[in-house]
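Take a look at the chains below.

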Amino acid sequence: MSIDLETAARVAKLARIRVSDDALPELAAEFNTILGFIEQLGEVDVEGVEPMTSVTPMRLKRREDVVTDGHQQDKVLANAPDAREGFFAVPKVVE
Amino acid sequence: MMSDMSKMTLAQARDALRAGELTSAELTESCLERIGAAGALNAFVHDTSDLARAQATEADARIQAGDAPDLCGIPLGIKDLFCTEGVPSQAASRILEGFRPQYESTVTRNLRAAGGVMLGKLNMDEFAMGSSNETSVYGDAVNPWKVDDRALTPGGSSGGSAAAVAADLCIAATGTDTGGSIRQPAAFTGIVGIKPTYGRCSRWGIVAFASSLDQAGPMTKSVRDAAIMLGAMAGHDPMDSTSADIPVPDFEAMLTGDIRGKVIGIPREYRMEGMPEEIEALWSRGTEMLRDAGAEIRDISLPHTKYALPAYYVIAPAEASSNLARYDGVRYGHRATLEAGEGITEMYEKTRAEGFGAEVQRRVMVGTYVLSAGFYDAYYNRARKVRTLIKRDFDQAFEAGVDAILTPATPSAAFGLDEMSDADPVQMYLNDVFTVTVNLAGLPGISVPAGLNGAGLPLGLQLIGRPWEEGDLLNTAYALESAAGFVEKPAQWW
């Protein structure tokens, strides 16, 4: 499996990271090195093996379905690059 | 005298504080002085000296009142990955510039509650992605060990923690370990580092990299110190659904040094092709030491070892791409300046291009690729199946009676900063070849300094234990530490 420039550009787009056109060849080459390394996994016989979902055999804990937190608007917004009137502010999303 | 205090181990400092031979205020001042004079190591990156002095005063009052847990009054360094209330916590990334958490991570809260003193935040690889501390927005941390004119890496990602402990800038430090990030830097700097069983320490408030692999642990000057500090960091936390609700034993009390009859496995697959002779020799010496201490040495096989690193480089980037999706320029940290007409998609793309360094971008994109439609089964699901097999290898060894497994900690001693800059990313990944299996299997692993190489740089051995049996593992490490008798310290050049 080899990554071409178009695939590299598509992955960058999916990851929401801007990559300039002239940086794409190097990026594609790096992907190919890493994916070439990962390809080894194809040698392993995984017939009938379950994919791991939890490394320690424990059951996730349950708790009462009640509100335990809240009323922290100031704290939630304290680190926002742009917060106005109690909300996060972003560029216009809907035309 | 003042500058000597910071050279104490945690156990020595604790005993001296309780005996009234020194105060936390004096000890803290001694560390702050050494930090001030160690700028060349670039280990501490956010100064919290005012907070440290206030905490030391409080700790002294507690000690006076006879209410002193082990950590009370002990000056600690905290990896920048831990969220600390009101104190910059940016995972060594530009994208979290200016971020001041409104909350405290559970581990640092536990340390505070035990009376620990926070000296400052420590350098690391960006988002803990790296093995040399060269991906940090703060610049490289530097290893206090030096044998020629080259500046050496302290390892990574917990490079600042390792450098700070090895150079006696603090008594001990916190680290985190996703593929070897506590154990590899510990080995490169001649200190002890333990990654506990997955679930032993709460991950709440620790900036997430790969959530199924990340664990916090102590980095210390001795095995005893690691036992004491792990006890203070660990414990069940309802805020982390993967945190184990099991009691934390008194690890220090389990250090008897008696390992007679224990079965130590030597995995043949860790004898890598092209492994330097000095690593091989160290491993053999370590094996002899444990045999001489009365342990039974047994050759074992962990057949899927070879596939651990490629499985890791599917699973960790996949989880990272998901975890790091939260850095969108909306809720915290950096936001790119937009041109007229640019909208929300441009904001995301420019913010993440400006905020993430090259290695983080690479891993997020690799993770995005292996999770994308059409490749999910071929890469991600296959890697998770291989992970099941890697864990099964260990389970079978333990079921056959093995108590602990001895391996080298790293494939080499510390290398020069910039020396790997022309190598492809996979060459750097090979640093974690002996440590990464332990994260994939969720096991506890500890790196113990065991000797110097021909050039005079420290080398470490790794012991891997059964799940939840850190106490037994620490005891075996204690026996190895006693036999190895490693006492060398880096000569001060900074």
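## Helix α2 of chain B

In this predicted model, helix α2 of chain B covers residues 10-18. Which of its residues are buried? They are L10(B), A11(B), A13(B), R14(B), A16(B) and L17(B).

So what sits over them? The cover for the buried residues of α2(B) includes the helices α3 (24-36), α4 (49-64) and α8 (223-233), along with the strand β4 (172-177), and these belong to chain B too. Just after α2(B) comes G20(B), which has a positive phi of about 75 degrees.

## A hidden serine

Now move along to helix α6 of chain B, residues 159-166, where you'll find S161(B). Is S161(B) buried or exposed? S161(B) counts as buried because its relative accessible area is 0%, and the cut-off for that label is under 20%.

Leaving out residues up to four places away in sequence, S161(B) touches K79(B), L122(B), N123(B), A173(B), T174(B), G175(B) and M219(B).

## Helix α11 of chain B

Helix α11 of chain B runs over residues 344-355, so to speak a stretch of 12 residues. From first C-alpha to last it reaches 16 Å, close to the 16 Å expected at 1.5 Å a residue.

The buried residues of α11(B) are I344(B), M347(B), E349(B), K350(B), T351(B), R352(B) and G355(B). Here the other chain comes in: what covers these residues includes α1 of chain A, together with α12 (358-371) of chain B.

## Where chains A and B meet

How many residues of each chain are in contact with the other? The count is 51 residues of chain A and 67 residues of chain B. Between them the two chains bury about 5,200 Å², and 70% of that is on carbon and sulfur atoms. On the chain A side, R18(A), L41(A) and M52(A) supply 13% of the area buried against chain B, more than any other three residues.

The elements giving two or more residues to the chain A side are α1 (5-14) and α2 (24-38) of chain A, and α2(A) gives the most, with 8 residues. Sorted by class, the chain A side has 31 nonpolar, 7 polar and 13 charged residues.

Definitions and conventions. Residues numbered from 1 in each chain as written. Chains lettered and ligands numbered in written order. Predicted model: local features only at pLDDT ≥ 70, side-chain atom pairs only at ≥ 80, totals over all residues. Heavy atoms only, no water. Contact = heavy atoms within 4.5 Å. Buried area = accessible area lost by both parts, 1.4 Å probe. Helix = DSSP H or I, 4+ residues; strand = E, 2+ residues; numbered from the N terminus. Nonpolar A, V, L, I, M, F, W, Y, C, P; charged D, E, K, R; others polar. Expected span 1.5 Å × (residues − 1). Buried < 20%, exposed > 50% of the residue type's maximum accessible area, 1.4 Å probe, protein only.
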